[in-house]
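Please find below a colleague's note on the structure displayed here.

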Amino acid sequence: MSSCWTAAVTGVGQTEFSSGSGRSQSRLAIEAALLAIADAGLNPGDIDGIIPYQIGPPAEDLIAMLGLGDVRFTAVSHLGGASPVAGLRTASLAIAAGQAEAVLMYVARNGRSGDRVESRVTQQVPGQQFRHGLEHPLGLSLPVQTYSLMCRRHMLDFGTTREQLGKVAVTMREHALLNPHAQMYGRELTFEQYVTSKPIALPYLMFDCSLETDGASAIVITSAERARDLPQPPVLIRGVAEGHADSADDLSARNPIYGTGLAKAAPRAFREAGIGPADVDVALIYDCFTFQVIQQLEAAGFAPLGQGGAFVEAGEIALSGGSLPVNPHGGLLSEGHLAGMNHIVEAVLQLRHAGGDRQVPGAEVAAVTGWGDLGDGSLAVLTN
Amino acid sequence: MNAELAALDGPRPDRRDPEIRHFWDGLTERELRAQVCADCQGVQWPPRAACVKCQSLQLTWHVIAGSGTLSTWTEVHRTGLAGYQDLVPYAVGIVEIDETPVRMVGYIHTPDIDTLVAGERLVVRFAERGEGVVLPVWHRESEGA
């Protein structure tokens, strides 16, 4: 263990992912939390730290429902979809500093049947004065629109193609077909279906966009030392970092516009872990949209700048035959959008070798990325 | 010209915002304005409470060119913005302003979105929306703007 504060993920739990849960977000959160706590071999009363997602049920809801008498640590990362990965570090630091012994993290949402994911994102991104004063009056408002601006510029600069974007979507769906938990399990997606799907914000088509999902994902983190006495094989948090893109709260001044905080975070996380991108057996990439996979493959150091598209096109991200299987669960594009907490859960299952039909054989090192807001980035290196 | 945006019943800017209101005030004078630092003379966009280069709080506003080039754009087919729902599909993108290092979000007026190309020349026109709001609208030089 390279880090003096190594902690471990000792429990994971998820509800089903659907387009209509029929339950409240608090109910979803408590279901996933109870599953994760039981998976960790702990009792609810053992939880003394809580890191909720910035949107959804707050820590107090879980403190009340779990009947916790004295939670002594809570924190929230305001990094949008980069928050769950960044939360791994917050939890690790709290445990190393003696501020908590067992930390619960969760994302719970009715992203499809309740407020859509996109509407909440629009209200929570930084630089609200720019959004309301300089973008909304001119017709720009949704993440799918702003992220497509990045995608097009990357296509112009490097020749990234429609076929490469489609390959991301189709590969994620192929993976989801191996995952009974995926929202799109049993629903094939061909390139023909992809390329003829309705335009949303070109270059983005409908199947370039992630799913809006009802459900919850939760994990439990303890010290690595304590994890050794718990029932599941521990998954060690070896390095975690966050980074912020230049012009962190506005895209218009960012040049190139596809710059991201992940390019700063990834080297920090890998250095801390003493592990490099070439050592990674399975990658969980925050696939809010297809191009954001290509963008992060480059930013994290898995492919050189400008060659992420070719990397995808060559089949490198596929479970079948790829050198870097990405999102065996199907990702946000085809498993469901739980803000990447489901990516952490999947990394843990892969490192436990509990991935079923989608298991990456012999996986020992996983990298998980987070992407949030206007380009906040985070990366965690996990090992078994 | 710009009848479509003149009739737009879309989101209005907050004219009380201490920084951004200067931009909208300029538009009512048919000018594009950007923020300039009185200490280091740096031009910055978007406008902020401090200079991002030297952290000076002494910020002023200068008129910038009403022309530029297209850096990137998206063709919007779906929007939650009132008014703009009647305009889909439309183009909105990033315009690199001539003669000054400013890149700003711009609505691009064209009947032929499919033929937009990166680097093409754009010229700003102004669309009066009533109640003191004037929108900047970018037209293509190739379409006789």
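**Notes on chains A and B**

1. Charges of chain A. The mean positions of the 25 positive and 39 negative charges of chain A are 3 Å apart. Lys and Arg count as positive and Asp and Glu as negative, whereas His and the chain ends are not counted. The place of a charge is NZ of Lys, CZ of Arg, CG of Asp or CD of Glu.

2. Basis of the note. This is a predicted model, in which local features need pLDDT of at least 70 and side-chain atom pairs count only at pLDDT 80 or more, while totals for chains, interfaces and linings use all residues. Residues are numbered from 1 along each chain as its sequence is written, chains are lettered from A and ligands numbered from 1 in the order in which they are written, and side-chain values use heavy atoms, with hydrogens and water left out.

3. Overall form of chain A. Chain A contains 14 helices and 11 strands (DSSP runs numbered from the N terminus; helices are H or I with at least four residues, strands E with at least two). Its radius of gyration is 19 Å, close to the 21 Å that the globule rule gives for 384 residues, so chain A is as compact as a globular protein of that length. The radius is taken over C-alpha atoms, and the rule is 2.2 Å times the number of residues to the power 0.38.

4. Interior of chain A. Of its 384 residues, 65% count as buried (under 20% relative accessible area, with exposed over 50% and partly exposed in between; 1.4 Å probe, protein chains only). Among contacts in chain A with a separation of 6 or more, 74% are accounted for by residues 24 or more positions apart; contact means heavy atoms within 4.5 Å.

5. Leu68(A). This residue lies in the loop between helix H2 (59-65) and strand E3 (73-74) of chain A. Is Leu68(A) buried or exposed? Leu68(A) counts as buried because its relative accessibility is 9%. Setting aside residues up to four places away in sequence, Leu68(A) touches Pro44(A), Gly45(A), Ile47(A), Ile50(A) and Ile63(A).

6. Helix H6 of chain A. Helix H6 (residues 143-158) has 16 residues and reaches 22 Å from its first C-alpha to its last, close to the 22 Å expected at 1.5 Å a residue; the expected span is 1.5 Å times one less than the number of residues. Its buried residues include Gln145(A), Ser148(A), Leu149(A) and Arg152(A). Just after H6(A), Gly159(A) takes a positive phi of about 75°.

7. Overall form of chain B. From the N terminus on, the elements of chain B run α-α-β-β-β-β-β-β-β-β. The radius of gyration of chain B is 16 Å, close to the 15 Å given by the globule rule for 145 residues, so chain B is as compact as a globular protein of that length. Buried residues make up 52% of the 145 residues in chain B.

8. Thr74(B). Thr74(B) lies in strand E4 (residues 67-76) of chain B and is buried, with a relative accessible area of 0%. Which residues does Thr74(B) contact, leaving aside its neighbours within four places in sequence? They are Gln145(A), Ser148(A), Leu149(A), Arg152(A), Ala201(A), Leu202(A), Tyr90(B), Ala91(B) and Val92(B). Thr74(B) and Tyr90(B) are 16 residues apart in sequence and 8.2 Å apart in space, C-alpha to C-alpha.
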